[in-house]
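I opened this notebook to keep a record of what I looked up in one chain, going from the overall fold to single side chains.

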Amino acid sequence: GQHLILWSADGVARPYSLASVPGLDPWLEFHIDCRGRGAFADFARELKIGDAVRLGELRGGALHYDPEWHERPLLLMASGTGLAPLYGVLREALRQGHAAPIRLCHVADDAEGHYLRKELLALTEEHPQLRLEFIVAAELPAFLAQFRLVERRSIALVCAHPARVEAFAKCLYLAGLPRTQVFADVFVSANEQGE
């Protein structure tokens, strides 16, 4: 869940969350949505193996795995590439032997948008405490309306654009999860920042 700044060749900087797990992966992994136009997306779309990308440090990121959560259910809710930091958090939790249930919910515009489906399904084969829910955006209102907590002691980690984070947070509040047990990272696209 930690952020790093990525710089394009012409000086455009964007913060991205790490999807990789330090100490487990020998690389840094970022998930960048390059489907739309944008100063950094256009640069990233043209990258080839061997190209250099400048990194800068940005401290922070609300999404991390705390070993003290070992016996508490984890609820990971993401939309689009908001899955990136939660993928790292999930893998770290599993690496540390998280004992309680883990529920990961990923919202995408369409079925093809669940870009880590294969990798996540492979994790369920090794970790029976992991439950996955792949939600298409059109079905999100029904999913949120029917949402129930497994346990009030759950810890929720949420990452999405502002409207989805708000929808997830409202759903969790109505389901009875205390706000102090909800941690969120909101991502804002360059278009939303007025660029």
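**Basis.** I am working with a predicted model, in which local features need pLDDT of at least 70 and side-chain atom pairs count only at pLDDT 80 or more, while totals for chains, interfaces and linings use all residues. I number residues from 1 along each chain as its sequence is written, and side-chain values use heavy atoms, with hydrogens and water left out.

**Fold.** I looked up the secondary structure and found 5 helices and 8 strands in the chain, where helices (H or I, at least four residues) and strands (E, at least two) are DSSP runs numbered from the N terminus. Read from the N terminus on, the elements follow the order β-β-α-β-β-α-β-α-β-α-β-α-β.

**Dimensions.** I compared the radius of gyration, taken over C-alpha atoms, with the globule rule of 2.2 Å times the number of residues to the power 0.38. For 195 residues a compact globule would come out near 16 Å, and the 17 Å of the chain agrees with that. The C-alpha trace spans about 50 × 35 × 30 Å along its principal axes.

Of the contacts (heavy atoms within 4.5 Å) between residues at least 6 apart in sequence, 73% join residues at least 24 apart.

**Aromatic pairs.** I found 5 aromatic pairs in the structure; rings of Phe, Tyr and Trp (its six-membered ring) pair if their centres lie within 6.5 Å, and planes under 30 degrees apart count as stacked, over 60 as edge-to-face and the rest as tilted. Trp-69 and Phe-183 form a tilted pair, at 5.7 Å centre to centre and with 35° between the planes. This pair links distant parts of the chain, since Trp-69 lies in the loop between strand E3 (54-58) and strand E4 (74-79), and Phe-183, 114 residues apart from it, in strand E8 (residues 182-186). Trp-69 counts as buried because its relative accessibility is 6%, whereas Phe-183, at 27%, counts as partly exposed. I also noted that ring pairs link Tyr-16, Phe-40 and Phe-43 into a cluster.

**After E8.** I ended with Val-188, which is placed in the segment after E8 and, at 39% relative accessibility, counts as partly exposed. From C-alpha to C-alpha, Val-188 and Pro-73 are 28 Å apart in space, and they are 115 residues apart in sequence.

Note on methods: Buried means under 20% relative accessible area, exposed over 50%, partly exposed in between (1.4 Å probe, protein chains only).
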